[in-house]
Amino acid sequence: MKYRTLGRSGFKVSELALGTEHLKKPPSRVQKVVAKALDAGVNYIDMVYNLSDCLAAYSAAIDGRRSEVMLAHHLGSSEKDGRYRKTRSPEECESEFERFLRVMKTDYVDVANIHFIADDKGYETVTKPGGVLDLATRLKEEGRARLVGISTHEASLVKRAAESGSVDVIMYQ
């Protein structure tokens, strides 16, 4: 496996990462895929969903191997009645973050990734004083996140975030 430096972090991550959007069930499949990925040298897992059953499966899959994995948690990816939903409430994001840590049996994430910023209005919402970016920055200052990131599908927002200097990594899909 080849590795590259992640953003401006200095951390080395595998060129291939494990995205979890379409790997949800059954738990036995999650565990097999994660084990094969880790055995092959993949060391970055992007935990896009915070669905309870998904988290439990991933927690079991990395049990005893947390030191091998960089976990990216998505601030803003939430759950209601067992279904995904997006939130921009810093309070909800922090509550979901705490639940993530408990279920994943860890006291930190490697990347506190602000989930799916779709447009300029969304960027302004998460970066306003008291917004989700402030939460992510505080989590980093407290040592509960090693890096602050954003995810977006818009090149203009990649540029804007990079120029702001407020994030360490950017996920551009």
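**Exercises on a predicted protein model**

The cover over the buried residues of α3 includes β4 (44-47), α2 (52-62), β5 (70-75), β6 (77-80), β8 (109-117) and α5 (132-141). The model is predicted, so local features need pLDDT of at least 70 and side-chain atom pairs count only at pLDDT 80 or more, while totals for chains, interfaces and linings use all residues. Residues are numbered from 1 along each chain as its sequence is written, and side-chain values use heavy atoms, with hydrogens and water left out.

**Exercise 1.** Describe helix α3, its buried residues and the residue just after it.

*Solution.* 
- Step 1. Helices (H or I, at least four residues) and strands (E, at least two) are DSSP runs, numbered from the N terminus.
- Step 2. Helix α3 covers residues 90-104, 15 residues, and reaches 21 Å from its first C-alpha to its last. This is close to the 21 Å expected at 1.5 Å a residue, where the expected span is 1.5 Å times one less than the number of residues.
- Step 3. Buried means under 20% relative accessible area, exposed over 50%, and partly exposed in between (1.4 Å probe, protein chains only). The buried residues of α3 are P90, C93, E96, F97, R99, F100, L101 and M104.
- Step 4. Just after α3, K105 takes a positive phi of about 55°. K105 is in the loop between α3 and β8 and is exposed, with a relative accessible area of 65%.

**Exercise 2.** Determine the setting of V30 and list its contacts.

*Solution.* 
- Step 1. V30 lies in helix α1 (residues 27-39).
- Step 2. V30 is buried, with a relative accessible area of 0%.
- Step 3. Contact means heavy atoms within 4.5 Å. Not counting residues up to four places away in sequence, V30 touches L23, K24, K25, A57, Y58 and A61.

**Exercise 3.** Summarise the protein as a whole.

*Solution.* 
- Step 1. The protein contains six helices and 10 strands.
- Step 2. Buried residues make up 47% of the 173 residues.
- Step 3. Of the contacts with a separation of 6 or more, 66% involve residues 24 or more positions apart.
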